[in-house]
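This report concerns a single structure, to be read alongside its sequence and coordinates. Please keep both in view while reading.

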Amino acid sequence: MRRVVFTAPHFSCMWKGMPREDMRCEPETKKAIEAAQEVVRRCGLATKAVYGDVFRELVDLNRPEGRGTEFRDKVERELTWDTLVLDMHTSPPSAFDDGTDIMVLVSGRGRNRALAEDLAERLRAEGLNIELKPASRVNDIVEQSHDESAGAALLEFNPGKDIEASARAVGRVLCEGR
C-alpha cells in the first residue's frame, strides 16, 4: 500500500440549502480523517480525503445507488492496486457496546474481509476497544474497491469517545503495515 483514501459519504448535512443537525449526517468524520491523515503523511504515505456532498436521504452514497454520483466518481478515480480505502462513519453512541472506540464492520469479500480482521487486531494492539462485526448491509464502496483490486475497510467511530485519538491510532497502524 502506498496510498490511503479516506471517504466520508455521509459528511453533508445540507438539505435543500439548510443545515440538518441529526445523526443522519456525519460531520464528525472530518475530525477523524484529518487526524489520521496527519499521522499517515508523517510516515510518507500519500493520502486523499473524499467527502460526500449529498444528504444521505437523497442518495446513500455508499450503497449501489451512489454509483455515478460526483462523490463516487471521485472515489473510483482513486482506486488502484496500491491504494487502501477507509470508508469512515460515525454512529450514535447508543449503537456501540460499552467502551467501544471503533467498530470495524466486515463488508466485502476476499482480501477486504481479511483486511478488516487484520485491521481490527492491530487496532486492539494499539489499546483501542474494537468491535469486529458483520456490516448490516453491503457497503458498495468496499465492494467497488474489491472489484478494482484496491483494499478497503469500513470503520464506524464512536462520537462518545475521543474520535481524533482513535483516528491517530488508525494512522499509526497504517504506517506500521505499509
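The sections below describe the sheet, one of its strands and the helices of a predicted model.

## The sheet

Six strands form an open sheet with mixed pairing, in the order β4-β1-β5-β8-β6-β7. Its edges are β4 and β7 (residues 130–134), each of which pairs on one side only. From one strand to the next, the twist averages 25 degrees.

Helix α3 (residues 111–125) lies across part of this sheet, over β5, β6 (102–106), β7 and β8 (151–157). Relative to β8, helix α3 runs at about 45 degrees.

## Strand β1 and its neighbours

Strand β1 comprises residues 3–8, and five of its six residues are buried. On one hand, β1 runs parallel to strand β4 (residues 46–51), to which six bridges join it. On the other, five bridges join β1 to strand β5 (residues 83–90), and this pair is also parallel. Val-4 illustrates both pairings: its bridge partner in β4 is Thr-47, and in β5 Val-4 stands opposite Leu-84.

## Val-5 within β1

Is Val-5 buried or exposed? With a relative accessible area of 0%, Val-5 falls under the 20% cut-off and is therefore buried. This residue lies in strand β1, and in a regular strand the side chains alternate between the two faces of the sheet.

Leaving aside residues up to four places away in sequence, Val-5 touches Lys-48, Val-50, Glu-78, Thr-83, Leu-84, Val-85 and Leu-86. Gly-44 is 39 residues from Val-5 along the chain, and the C-alpha atoms of these two residues are separated by 14 Å.

Helix α2 spans residues 70–78, and its buried residues are Phe-71, Arg-72, Val-75 and Glu-78. Why do these residues lie on the same side of α2? The reason is that they cover an arc of only 115 degrees around the axis. The elements covering them include β1, β4, β5 and α4 (140–147). Glu-78, one of the buried residues of α2, is also among the residues touched by Val-5.

Helix α4 is largely enclosed by the rest of the structure, because six of its eight residues are buried. Those six are Asp-140, Ile-141, Val-142, Glu-143, Gln-144 and Ser-145. The buried residues of α4 pack against β1, α2, β5, α3 and β8.

## The packing of α1 and α5

Helix α1 (residues 29–42) packs with helix α5 (residues 163–176) at an angle of about 35 degrees, and their axes are 7 Å apart. The crossing of this pair is right-handed.

Which residues of the two helices meet? From α1, the contact involves Lys-31, Ala-32, Ala-35, Ala-36, Val-39 and Val-40. From α5, it involves Ile-163, Glu-164, Ala-167, Arg-168, Gly-171, Arg-172, Leu-174 and Cys-175. By residue class, the contact of α1 with α5 divides into nine nonpolar, one polar and four charged residues.

Methods:
Residues are numbered from 1 along each chain as its sequence is written. This is a predicted model: local features need pLDDT of at least 70, side-chain atom pairs count only at pLDDT 80 or more; totals for chains, interfaces and linings use all residues. Side-chain values use heavy atoms; hydrogens and water are left out. Buried means under 20% relative accessible area, exposed over 50%, partly exposed in between (1.4 Å probe, protein chains only). Helices (H or I, at least four residues) and strands (E, at least two) are DSSP runs, numbered from the N terminus. Two strands pair if DSSP finds at least two bridges between them. Axes are lines fitted to C-alpha atoms, for helices over the stretch in contact, and angles run from 0 to 180 degrees between N-to-C directions. A crossing is left-handed if the near helix is turned anticlockwise from the far one by less than a right angle, and right-handed if clockwise. Contact means heavy atoms within 4.5 Å. Ala, Val, Leu, Ile, Met, Phe, Trp, Tyr, Cys and Pro count as nonpolar, Asp, Glu, Lys and Arg as charged, and the others, Gly among them, as polar. The arc is that of the directions from the helix axis to the C-beta atoms.
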